[in-house]
Amino acid sequence: MMAKSKLAGRKVTLHDMTLRDGMHAKREQIPVEMMVRIASGLDAASVPYLQVTHGAGLGGNSIQHGRALASNAEYISAVAAAVKQAKISVLLIPGLGTMQELQEAYDSGARSVHVATHSTEADTSPQHIAFARKLGMDTTGFLMMSHLNDAKGLTGQALLMESYGAQTVYVTDSAGYMLTDDVTEVISRMRDALKPETEIGFHGHHNLGLGIANSIAAIAAGASRIDASLAGLGAGAGNAPLEVLAAVCDRMGIETGVDTFALMDLAEDVVVPFMDDIVRVDREALTLGFAGVYSTFLLPTRRAAERFGVPARDILIELGRKKMIGGQEDMIQDTAMTMARERGLL
Amino acid sequence: MVEKLKVAIVGSGNIGTDLLYKLKRSALLEPVWMVGIDAGSEGLARAREMGLKTTHDGVDGLLPHVGADDIKIAFDATSAYVHAENSRKLNELGVFMVDLTPAAIGPLCVPPVNLGQIAAQGSQMNVNMISCAGQATIPIVSAVGAVQPVDYAEIIASLSSLSIGQGTRANLDEFTYTTSNALEKVGGAKRGKALAIINPADPPLIMRNTIYCEVEGEPDRAAITESVLRMIEQVQVYVPGYRLVNGPDFDGNRVAVFMEVAGLGDYLPTYAGNLDIMTAAAARTGEMFAQGILDGTVTLTRMENA
């Protein structure tokens, strides 16, 4: 008989990423009907928040980030019409998405937003956070590539986002690079520094196989919101798999309010058969986590590797060395071309 | 020895101070006033060391001296919020404005693309320099467009965190709108989209710009490549660190050009090519108008503003 978890009775809000981070794994090619089908299943399983946009969020439709099958407004309004209880959220990265696009998302039915900046650039978000609050949206500040800042620095950035009006601040392990002790240290420090009413969230990637372990460590250190996706459908080796996280929370007595069996069915019967490649810790995804590279770089790097004849792992290691961050997808082809020339291939 | 045209710099921050170094080297322009709002600003101290007159009372501190010191051109490196007032006050005194803020009251100007055309009109009293990314990318879009129509232009500007001031950080949407609009208006693309990334890597990364153009029909590879290379040479005349890293690369109807912009390191480090290309473009614009004023092809008029 196992001992009772110290986390028994803790309440955690799960935030599904299948229809946003999962867009990356599907090369932005999720049809509206499939979004509605998955969203309806999540809604019926009592998942409280679903993120629905292009993988790069509002303004994401581009050459840089790929063009989705439908506009963000089309996806959001279709899902909004189908769900009964779940709130729809969006991703907004200043520099890519704008307040005009946030207004449009709100008008389409979005009621929650992750306003995302790189982990050292929180001061590019004050207007967008304030605007989201003005719209009455559930507003999160989302510190991407958190491994490129230390616990003290991240806490300072979280305090800035809180001062702009963010109700929740996320530690976002975009590269799936953080170890469990890193998560514990950062979130404990943030929990001490932020106002008690400000929630802390964690968004993991499974590149080192730590998606669930890091999410649980985050909860233990004071996080109350966790991002996850069905069968892990997301960039790199995917996010923390939602149905697995729900099952672990059930076993530990952490209260999520979701229907774990319903999520297991949705993952197995709908999402896994829909995958282009099985989302798993393969060689390149592991390289992301090992070298600290933005998970979304995985598929464009594979394409560049094929086109220019430089192995994907070599390109990823070089991108990590050059400290390229989320949004610099153009530097994948640029780096591949430079490497190909140096190797006499171009 | 040709007599130089006397000019003022309004704004004593990073951009204004870097511009000061460039104007000091100009064969046509002589900076005589530097305007700030902070008596302790480093920019004003440097200006005094270089022999300029300074005021920390904003543009109002300059106005009484415009006539006596024969100021013909003012460069505004303040912010979009105060530019309109600065421009109104100086235009009333017949001073031509080069606007380095995103205010965009006057025509949008990218020197190798449309400066000649704007100057030839001879009657403008205000031109706008758009944004650093606009200066770095619009020449390429225009060069592709000179060969065949550009349906869609998309640019990605990667900027080092240390080179981005508080004003830009707090107003990224403004940067996005201004640059996207200029890709269409000046670059000639049917639709334009601008993305900005601020990278904190240490040591700081040199400014990078990627330009994607989707052209009508099959791209004429040889002609586009030649047009782009020729345009790069034209920008290099005033920004020597403007360099092609990769491309033009052709993939279907998509043309990709990967550029780097290293600054001259006048006041700011070389990685801040984004600031350098703004000040260099502004200096070049000022010189073109100065030449017109000296030749009599450009007439300065006192604007009666309502």
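**Entry 1**

I looked up the contacts between the chains, counting two residues as in contact if their C-beta atoms, placed from the backbone, lie within 7 Å, and found 24 residues of chain B in contact with 24 residues of chain A. The largest share of the side of chain B that touches chain A, six residues, comes from S8(B). By class, that side of chain B divides into 13 nonpolar, six polar and five charged residues, where Ala, Val, Leu, Ile, Met, Phe, Trp, Tyr, Cys and Pro count as nonpolar, Asp, Glu, Lys and Arg as charged, and the others, Gly among them, as polar.

I note that this is a predicted model, in which local features need pLDDT of at least 70 and side-chain atom pairs count only at pLDDT 80 or more, while totals for chains, interfaces and linings use all residues. Residues are numbered from 1 along each chain as its sequence is written, and chains are lettered from A and ligands numbered from 1 in the order in which they are written.

**Entry 2: Tyr177(A)**

I found Tyr177(A) in the loop between S6 and H7 of chain A, helices (H or I, at least four residues) and strands (E, at least two) being DSSP runs numbered from the N terminus. Tyr177(A) is buried, because 24 other C-beta atoms lie within 10 Å; the cut-offs are 20 or more for buried, 12 or fewer for exposed, and partly exposed in between, with C-beta atoms placed from the backbone. Not counting residues up to four places away in sequence, Tyr177(A) touches His147(A), Gly289(A) and Gly292(A).
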